[in-house]
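Here are my notes on the model you sent over. Have it open while you read, and take the points in order.

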Amino acid sequence: MAGENWTMWLNITNFALGIVTLIALLLVFFAVGWDLLLRKVRAPKPNWSNVNADLQAVIHAGSHTLSVPELGLTMADGGERIDPSKPENSQKKQG
(Lines give C-alpha, C1' and ligand atoms only; values in the text may rest on other atoms or scores of the structure.)
Protein backbone atom coordinates (compact mmCIF):
# COMPACT_ATOMS: atom_id res chain seq x y z
CA MET A 1 0.00 0.00 0.00
CA ALA A 2 1.16 3.45 -0.72
CA GLY A 3 1.11 5.93 2.13
CA GLU A 4 2.15 5.99 5.73
CA ASN A 5 -1.16 5.10 7.35
CA TRP A 6 -1.48 1.50 6.15
CA THR A 7 -1.04 0.20 9.73
CA MET A 8 -4.04 2.25 10.83
CA TRP A 9 -6.23 0.60 8.17
CA LEU A 10 -4.85 -2.82 9.11
CA ASN A 11 -5.78 -2.21 12.74
CA ILE A 12 -9.24 -0.95 11.79
CA THR A 13 -9.81 -4.06 9.63
CA ASN A 14 -8.64 -6.36 12.43
CA PHE A 15 -10.90 -4.58 14.92
CA ALA A 16 -13.90 -4.88 12.58
CA LEU A 17 -13.25 -8.59 11.98
CA GLY A 18 -12.94 -9.12 15.73
CA ILE A 19 -16.30 -7.41 16.31
CA VAL A 20 -17.94 -9.56 13.60
CA THR A 21 -16.44 -12.72 15.16
CA LEU A 22 -17.71 -11.78 18.64
CA ILE A 23 -21.20 -11.08 17.30
CA ALA A 24 -21.24 -14.44 15.49
CA LEU A 25 -20.11 -16.27 18.65
CA LEU A 26 -22.73 -14.50 20.75
CA LEU A 27 -25.43 -15.47 18.25
CA VAL A 28 -24.35 -19.11 18.30
CA PHE A 29 -24.20 -19.25 22.12
CA PHE A 30 -27.59 -17.54 22.39
CA ALA A 31 -29.18 -19.94 19.88
CA VAL A 32 -27.76 -23.03 21.59
CA GLY A 33 -28.75 -21.75 25.03
CA TRP A 34 -32.25 -20.91 23.85
CA ASP A 35 -32.66 -24.37 22.30
CA LEU A 36 -31.48 -26.09 25.49
CA LEU A 37 -33.81 -23.94 27.59
CA LEU A 38 -36.80 -24.79 25.40
CA ARG A 39 -35.96 -28.49 25.51
CA LYS A 40 -35.77 -28.38 29.30
CA VAL A 41 -39.08 -26.54 29.63
CA ARG A 42 -40.92 -28.79 27.15
CA ALA A 43 -39.34 -32.06 28.32
CA PRO A 44 -41.87 -34.59 29.57
CA LYS A 45 -41.61 -35.63 33.19
CA PRO A 46 -40.00 -39.06 33.60
CA ASN A 47 -42.24 -41.97 34.59
CA TRP A 48 -40.41 -43.48 37.57
CA SER A 49 -42.98 -46.22 38.18
CA ASN A 50 -41.62 -48.49 35.41
CA VAL A 51 -37.90 -47.89 35.97
CA ASN A 52 -37.35 -50.92 38.19
CA ALA A 53 -39.17 -53.29 35.83
CA ASP A 54 -37.31 -51.90 32.81
CA LEU A 55 -33.95 -52.24 34.56
CA GLN A 56 -34.68 -55.82 35.55
CA ALA A 57 -35.70 -56.63 31.97
CA VAL A 58 -32.45 -55.18 30.61
CA ILE A 59 -30.33 -57.05 33.17
CA HIS A 60 -31.97 -60.42 32.51
CA ALA A 61 -32.14 -60.06 28.72
CA GLY A 62 -28.45 -60.67 28.10
CA SER A 63 -25.39 -58.67 27.22
CA HIS A 64 -26.26 -57.71 23.63
CA THR A 65 -30.05 -57.62 23.69
CA LEU A 66 -32.57 -54.87 24.28
CA SER A 67 -36.31 -55.26 24.51
CA VAL A 68 -38.10 -52.66 22.39
CA PRO A 69 -41.92 -52.85 22.60
CA GLU A 70 -42.44 -52.02 18.92
CA LEU A 71 -39.68 -54.33 17.63
CA GLY A 72 -39.48 -57.12 20.18
CA LEU A 73 -36.05 -58.40 21.19
CA THR A 74 -33.27 -56.65 19.28
CA MET A 75 -29.52 -57.21 19.32
CA ALA A 76 -26.85 -54.54 19.24
CA ASP A 77 -24.86 -56.20 16.47
CA GLY A 78 -27.94 -57.17 14.46
CA GLY A 79 -26.96 -60.83 14.35
CA GLU A 80 -27.80 -63.98 16.19
CA ARG A 81 -26.63 -64.78 19.67
CA ILE A 82 -23.28 -66.55 19.81
CA ASP A 83 -22.56 -68.48 22.98
CA PRO A 84 -19.13 -67.85 24.50
CA SER A 85 -16.57 -70.45 23.59
CA LYS A 86 -15.38 -72.88 26.23
CA PRO A 87 -11.77 -72.29 27.28
CA GLU A 88 -9.44 -75.07 26.29
CA ASN A 89 -7.89 -77.08 29.03
CA SER A 90 -4.37 -75.79 29.70
CA GLN A 91 -3.23 -79.23 30.86
CA LYS A 92 -3.69 -80.67 27.37
CA LYS A 93 -1.26 -78.13 25.92
CA GLN A 94 1.43 -78.87 28.51
CA GLY A 95 1.32 -82.64 28.20
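1. Confidence first, since this is a predicted model. The mean pLDDT (the predictor's confidence in each residue, from 0 to 100) of the protein is 77, and 63% of the residues reach 70 or more. Among the elements, α1 has the highest mean pLDDT at 94, while strand β2 (residues 72-75) has the lowest, 56.

2. Ground rules, quickly. Local features need pLDDT of at least 70 and side-chain atom pairs count only at pLDDT 80 or more, whereas totals for chains, interfaces and linings use all residues. Residues are numbered from 1 along each chain as its sequence is written, and side-chain values use heavy atoms, with hydrogens and water left out.

3. The overall layout: three helices and two strands, running α-α-β-β-α from the N terminus. Helices here are DSSP runs of H or I with at least four residues, strands are E runs of at least two, and both are numbered from the N terminus.

4. How much of the protein is buried? Of its 95 residues, 2% are, where buried means under 20% relative accessible area, exposed over 50%, and partly exposed in between (1.4 Å probe, protein chains only). The protein exposes about 9400 Å², with carbon and sulfur atoms supplying 64% of that; areas come from the Shrake-Rupley method with a 1.4 Å probe, and for residues only the protein chains shown count as cover.

5. Ile19 sits in helix α1 (residues 6-42) and is partly exposed, at 36% relative accessible area.

6. There is one aromatic pair in the structure. The ring centres of Phe30 and Trp34 are 6.1 Å apart and the planes are at 25°, so this pair is stacked. (Rings of Phe, Tyr and Trp, the last by its six-membered ring, pair if their centres lie within 6.5 Å; planes under 30 degrees apart are stacked, over 60 edge-to-face, the rest tilted.) Phe30 and Trp34 are about one helical turn apart because they are four residues apart in helix α1. Phe30 is exposed at 57%, and Trp34 is partly exposed at 46%.

7. Which residue does Arg39 form a salt bridge with? Its partner is Asp35, with the closest N and O atoms 3.5 Å apart. A salt bridge here is a side-chain nitrogen of Lys or Arg within 4 Å of a carboxyl oxygen of Asp or Glu, and the whole structure has one. Arg39 is exposed at 57%; Asp35 is partly exposed at 35%.
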